Amino acid sequence: RYDSVVFVSGFTSEADRLEDQVPEVLAALDDALKNASSSWAQVVKLSIFLSKTEKLDFLKALLAKANALELPKMQFAFVNGFSREPSLLEAEATALVNA
């Protein structure tokens, strides 16, 4: 946390499939935002790092299903892998903090 901004990062999942990892990662981000006195409504940037073994269109469909594509700024990047296996994605959010 810095002044009125919070950065929550490094959220991954150990579930076997991307369709199981996405809701777990989003739930972990939700908890972190709440603990930081923030919320999804205050997220100004969501960065998602996706394994090169996965399809971006499939991830976007999963995010849309979870109602997570309405954020003002989303950034996607492909990576070769993660330190935690079998993680297929990692998410980071930058958000404003309640006064």
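The following conversation concerns a predicted model and the packing of selected residues within it.

Colleague: How many residues does the largest nonpolar core have?

Modeller: That core has 25 residues. Those with the most contacts inside it are Val-8, Leu-18, Val-22, Leu-29, Ile-48, Leu-59 and Leu-89.

Colleague: Let us take Leu-18, then. Which residues does it touch, leaving out those up to four places away in sequence?

Modeller: With those neighbours left out, Leu-18 touches Leu-50, Glu-54, Phe-58, Leu-59, Leu-62, Leu-88 and Leu-89. Leu-59 and Leu-89 are also listed among the residues with the most contacts inside the core.

Colleague: Turning to the helices, at what angle do α1 and α2 pack?

Modeller: The angle is about 50°, and the axes of α1 and α2 lie 10 Å apart.

Colleague: Why do you give both an angle and a distance?

Modeller: Both are given because two packed helices are described by the angle between their axes and by the distance between those axes.

Colleague: What does that angle make them, oblique or roughly parallel?

Modeller: Angles under 35 degrees count as roughly parallel, and 65 to 115 as roughly perpendicular. At about 50°, α1 and α2 are therefore oblique to each other.

Colleague: Is the crossing left-handed or right-handed?

Modeller: Helices α1 and α2 cross in a right-handed sense.

Colleague: Which residues meet there?

Modeller: From α1, the residues are Leu-18, Glu-19, Val-22 and Leu-26; from α2, they are Phe-58, Leu-59, Leu-62 and Leu-63. By class, the contact of α1 with α2 comprises 7 nonpolar residues, 1 charged residue and no polar residues.

Colleague: Where is Phe-58, and is it buried or partly exposed?

Modeller: Phe-58 is in helix α2. Its relative accessibility is 34%, so Phe-58 counts as partly exposed. Apart from residues up to four places away in sequence, Phe-58 touches Leu-18 and Glu-19. The C-alpha atoms of Phe-58 and Glu-19 are separated by 8.8 Å, although the two residues are 39 residues apart along the chain.

Colleague: A change of topic: what about Gln-21, buried or exposed?

Modeller: Gln-21 has 0% relative accessibility and therefore counts as buried. Gln-21 is placed in helix α1. Beyond residues up to four places away in sequence, it touches Ser-13, Ala-15, Pro-86, Ser-87, Leu-88 and Leu-89.

Colleague: And where is Lys-45 found?

Modeller: Lys-45 is in strand β2. With a relative accessible area of 30%, Lys-45 is partly exposed. Its contacts, not counting residues up to four places away in sequence, are Lys-73, Gln-75, Glu-92, Ala-93 and Thr-94.

Note on methods. Residues are numbered from 1 along each chain as its sequence is written. This is a predicted model: local features need pLDDT of at least 70, side-chain atom pairs count only at pLDDT 80 or more; totals for chains, interfaces and linings use all residues. Side-chain values use heavy atoms; hydrogens and water are left out. A nonpolar core is a set of buried Ala, Val, Leu, Ile, Met, Phe, Trp, Tyr and Cys residues joined through side-chain atoms within 4.5 Å. Buried means under 20% relative accessible area, exposed over 50%, partly exposed in between (1.4 Å probe, protein chains only). Contact means heavy atoms within 4.5 Å. Axes are lines fitted to C-alpha atoms, for helices over the stretch in contact, and angles run from 0 to 180 degrees between N-to-C directions. Helices (H or I, at least four residues) and strands (E, at least two) are DSSP runs, numbered from the N terminus. Angles under 35 degrees count as roughly parallel, over 145 as roughly antiparallel, 65 to 115 as roughly perpendicular and the rest as oblique. A crossing is left-handed if the near helix is turned anticlockwise from the far one by less than a right angle, and right-handed if clockwise. Ala, Val, Leu, Ile, Met, Phe, Trp, Tyr, Cys and Pro count as nonpolar, Asp, Glu, Lys and Arg as charged, and the others, Gly among them, as polar.
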